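Hi,

Here is the structure I said I would pass on. Have a look at it first, and my notes follow below.

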Amino acid sequence: LELRGQFWLGQRINLTASVPMVNNYQAVDGIRHADTYALGDPMLLGRYVLSGSSNGSDSLRTRHRITAGLGVKIPMGRHNVVQYGETLDHDLQPGSGTWDGLASLEYVLRGQRVGASFSAVGRLNGQNAEGHRMGNSTSITGEVFRIFHVQRLQVLPALGGYLEAARPDRTSDAVDEGTGGSTFFTHASTRVWWRSIGFSFTWQHAILNNEGSLMIPNRERFVAGITYNFQRV
């Protein structure tokens, strides 16, 4: 679960802040190895509209926008949780114990009925007190969407692809063999707006896994969200 807020400072600058609540669970052959509930590491991302139309919606003309951003992940989540007599692996800890840098790039093109978007987020990870550094990672999403108006509802179904890629982890500058890799997902989503309230549903199915030998292959992912605009745009 993630609580996220976006705040516009004028027409070109916005800040996005998020605080996650994680449940990291792992069981192998019916034997539970981890099941922890805790706050994760919050994130703050500042973005600037480099080019294109100003903030807001306008279905009467073609609009486009290029946005770039920089941010930071703050090490507030626990990273030394012990369960079942053992310290959890790094990827099962609620937090990473590191300050991490974030960079984003987004392009959106929207007409009266159809549109397309591309977004990329990169993460440069720091090293924690135990000498462990998670691999730098990149995620890329591309999709095309259709806009339908159904009475007071605005419905935007979308199809596309989603790529996750990460470098291997390192411990005391030594590569952790078997970590890192990449996964490509098909991406299908729907966003529904009614006045100032939005609902989003996304399904992703992994069709290409190139993970390290220690990584569990991805299969499917489902994401749902609720958005409320305090100021209609």
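This is a predicted model: local features need pLDDT of at least 70, side-chain atom pairs count only at pLDDT 80 or more; totals for chains, interfaces and linings use all residues.

A definition to start with: buried means under 20% relative accessible area, exposed means over 50%, and partly exposed is in between (1.4 Å probe, protein chains only). By that scale Ser-172 is exposed, because its relative accessible area is 53%.

Residues are numbered from 1 along each chain as its sequence is written, and side-chain values use heavy atoms, with hydrogens and water left out.

Back to Ser-172, then. Its phi is positive, about 55 degrees, although Ser-172 is not a glycine. Most residues other than glycine have a negative phi. Ser-172 sits in the loop between β14 (170-171) and β15 (174-175); strands are DSSP runs of E with at least two residues, numbered from the N terminus. Tyr-84 also has a positive phi without being a glycine, near 55 degrees. You will find Tyr-84 in the loop between β6 (82-83) and β7 (86-87), and with a relative accessible area of 53% it is exposed.

Arg-133 stands opposite Arg-170 in β14.

Now the charges. I counted a salt bridge wherever a side-chain nitrogen of Lys or Arg is within 4 Å of a carboxyl oxygen of Asp or Glu, and that rule gives eight of them. Among them:

- Asp-35 and Arg-32 meet at 3.5 Å, N to O. Arg-32 is partly exposed, at 43% relative accessible area.
- Glu-106 bridges to Arg-47, with the closest N and O atoms 3.6 Å apart. Glu-106 is in strand β8 and Arg-47 in strand β4, so this pair ties together parts 59 residues apart in sequence. Glu-106 is partly exposed at 22%, whereas Arg-47 is buried at 16%.
- Asp-100 and Arg-123 meet at 3.3 Å, N to O. This pair links distant parts of the chain, with Asp-100 in strand β8 and Arg-123 in strand β9 (residues 114-124), 23 residues apart. Asp-100 is buried at 1% relative accessibility, and Arg-123 is partly exposed at 28%. Salt bridges with shared partners join Asp-41, Lys-73, Asp-100 and Arg-123 into one network.

Last, which residues make up the nonpolar patch on the surface? They are Phe-7, Leu-9, Ile-13, Leu-15, Leu-44, Tyr-48, Leu-50, Leu-105, Tyr-107, Leu-109 and Phe-118, with about 970 Å² of accessible area together. Patch members have over 30% relative accessible area and no salt bridge, and nonpolar side chains (Val, Leu, Ile, Met, Phe, Trp, Tyr) are joined within 5 Å; the areas come from Shrake-Rupley with a 1.4 Å probe. At least two patch residues come from each of β1 (2-9), β2 (13-28), β4 (43-52) and β8 (100-110). Tyr-48, for one, is in strand β4 and is partly exposed, with a relative accessible area of 38%.

Cheers

Definitions and conventions
Patches are made of residues with over 30% relative accessible area and no salt bridge: like charges are joined within 9 Å, nonpolar side chains (Val, Leu, Ile, Met, Phe, Trp, Tyr) within 5 Å. Helices (H or I, at least four residues) and strands (E, at least two) are DSSP runs, numbered from the N terminus. Two strands pair if DSSP finds at least two bridges between them.
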